[in-house]
Amino acid sequence: MQRHPVLLSMSAVLAASWLVIGCASAPTAAELDMQARAMIKSSFHAKGIAGMDRLDQDAVQAACSSPTPPDEAVTRRIEAAEFAAIRWPEGGRYIGDWKVGEKLAQNGRGMTWSDASTDPATNGAQCYNCHQISKQEISYGTIGPSLYNYGKIRGVKDLSDPASAPIIQYTWGKLWDSKAYSACSTMPRFGHGKLLNEQQLRDVMALLLDPQSPVNQ
């Protein structure tokens with residue numbers, strides 16, 4: 001979860017209001033941020049599986065939603081730390097069933113207040129929200145790049161070929177924690193955030209990389 005988009009705008013509103021009423025000394029940026037956070041928290045309440053903790057940021061989210069983006073040194077530290085925390089698949093089994101992966105990619109359910117459980121097994125991957133997946137789709141998001149021919153473009157012809165290993169490992173890492181490769185990526189950290197479990201990730205991996213998958217036709 002990135003910094004709540006209301007936070008920056010609310011800070012601006014608060015700052016403007018101080019100028020309008022002609023205060024002798026305007027509050028500091030830190031004070032405005034604190035007031036904005038208090039206003040946001042007062043506007044939300046816990047409901048179902050959605051708790052107030054969803055408004056809390058970790059250090060990476062805070063760095064990437066600050067008024068200025070993190071500098072190169074901070075970016076490198078973030079990426080290194082996130083990469084070190086990637087959990088690689090048990091037994092080196094990266095690939096599942098692309099047919100299951102396709103269903104996951106088109107499934108937008110999960111993690112809402114009305115869902116009964118936070119168990120990743122009940123979630124979809126929601127890939128279609130940001131990406132084109134195949135030429136058959138008539139509606140898809142464009143926030144992220146097209147995933148059509150993802151494996152084919154990258155030369156994956158045989159999943160068991162050692163030459164395919166680097167892109168297979170990269171894809172797992174990117175799905176597990178996108179910020180390991182781009183500190184301020186807006187892509188969900190599926191593994192890190194416990195949005196998908198290991199088997200679900202294998203199935204999405206198969207959708208992206210299996211030569212038989214519609215993605216690669």
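Me: What covers the buried residues of H7?

Reply: Helices here are DSSP runs of H or I with at least four residues, numbered from the N terminus. Buried means under 20% relative accessible area, exposed over 50%, and partly exposed in between (1.4 Å probe, protein chains only). Contact means heavy atoms within 4.5 Å. The cover over the buried residues of H7 includes helix H6 (150-153) and helix H8 (198-209). Among those buried residues are Ile167, Ile168, Thr171 and Trp172. This is a predicted model, in which local features need pLDDT of at least 70 and side-chain atom pairs count only at pLDDT 80 or more, while totals for chains, interfaces and linings use all residues. Residues are numbered from 1 along each chain as its sequence is written, and side-chain values use heavy atoms, leaving out hydrogens and water.

Me: How many disulfides are there?

Reply: A disulfide is a pair of cysteine sulfur atoms within 2.5 Å. The count by this rule is 1 disulfide. Cysteine 64 is joined to cysteine 184, with S to S 2.0 Å. The pair links distant parts of the chain, 120 residues apart: cysteine 64 lies in helix H3 (residues 59-64) and cysteine 184 in the loop between H7 and H8. The link is left-handed, with -85° about the S-S bond.

Key. Helices (H or I, at least four residues) and strands (E, at least two) are DSSP runs, numbered from the N terminus.
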